[in-house]
Amino acid sequence: MRKSITSSPATKTKTIAKGHQKSRLCAKRKTKNHLRITGVVAAAKPSPSPDSKLGSIITLLRRPNGASIGDLCKATGWQAHSVRGALSGAIKKKLGLALTTEKTAGTRLYRIAG
């Protein structure tokens with residue numbers, strides 16, 4: 001008997017042998033994403049502690065004038081590429097905060113919109 005493995009992204013199943021199918025999602029174990037989509041688990045956004053480095057970044061970004069990369073580097077002790085990564089990954093993607101940028105006199109200022 002020849003085994004052929006084909007996958008179908010629409011049905012998320014694999015055909016292993018004649019007529020046998022194996023589901024990628026086990027019925028007993030549901031993923032967090034599946035539970036969140038179906039409404040079983042509420043998607044709560046974690047908020048960083050004000051004493052943490054990420055909390056200090058958010059505090060600086062909430063100022064009316066915002067903060068430059070240099071200000072954020074001094075506050076956290078991080079390098080510029082790490083600060084930009086935190087802005088993109090933690091602030092925008094994980095926490096869902098909207099950032100606005102403004103370039104004045106050669107310095108780019110970041111601020112949390114709203």
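These notebook entries follow my reading of one predicted model, from its sheet to its helices and its core.

**Ground rules.** I worked with a predicted model, in which local features need pLDDT of at least 70 and side-chain atom pairs count only at pLDDT 80 or more, while totals for chains, interfaces and linings use all residues. Residues are numbered from 1 along each chain as its sequence is written, and side-chain values use heavy atoms, with hydrogens and water left out.

**Entry 1, the sheet.** I looked up the strands, which like the helices are DSSP runs numbered from the N terminus (helices are H or I with at least four residues, strands are E with at least two). I found an open sheet of three strands in the order 4-6-5, with antiparallel pairing, where two strands pair if DSSP finds at least two bridges between them. Strand 4 and strand 5 are the edge strands, each pairing on one side only. Strand 5 (residues 99–104) runs antiparallel to strand 6 (residues 107–112) and is joined to it by six bridges, with L99 opposite I112. Strand 4 and strand 6 pair over two bridges, also in the antiparallel sense, and here S68 stands opposite L109 of strand 6.

**Entry 2, the hairpin.** Which residue takes a positive phi in the hairpin of strand 5 and strand 6? I noted A105, in a hairpin with two residues between the strands; its phi is about 55° although A105 is not a glycine. A105 is exposed, with a relative accessible area of 83%, on a scale where buried means under 20%, exposed over 50% and partly exposed in between, with a 1.4 Å probe and protein chains only.

I then took the helix pairs, with axes fitted as lines to C-alpha atoms (for helices over the stretch in contact) and angles running from 0 to 180 degrees between N-to-C directions. Helix 3 (residues 69–76) packs on helix 4 (residues 80–94) at an angle of about 100°, with the axes 9 Å apart. The two are therefore roughly perpendicular, a label for 65 to 115 degrees, where under 35 counts as roughly parallel, over 145 as roughly antiparallel and the rest as oblique. In this pair I69, L72, C73 and T76 of helix 3 meet A80, V83, R84 and L87 of helix 4, contact meaning heavy atoms within 4.5 Å.

Helix 2 (residues 53–61) packs on helix 4 at about 95°, with the axes 12 Å apart, so helix 2 and helix 4 are also roughly perpendicular to each other. L54, I57, I58 and L61 of helix 2 meet A86, L87, A90 and I91 of helix 4.

T76, found in helix 3, is buried with a relative accessible area of 5%. Leaving aside neighbours within four places in sequence, T76 is in contact with K53, S56, I57 and V83.

Which members of the largest nonpolar core touch the most other members? Of its 16 residues, I noted I57, L61, L72, L87 and I91, the core being a set of buried Ala, Val, Leu, Ile, Met, Phe, Trp, Tyr and Cys residues joined through side-chain atoms within 4.5 Å. Beyond its neighbours within four places in sequence, L72 is in contact with I57, L60, L61, A67, V83 and L87.
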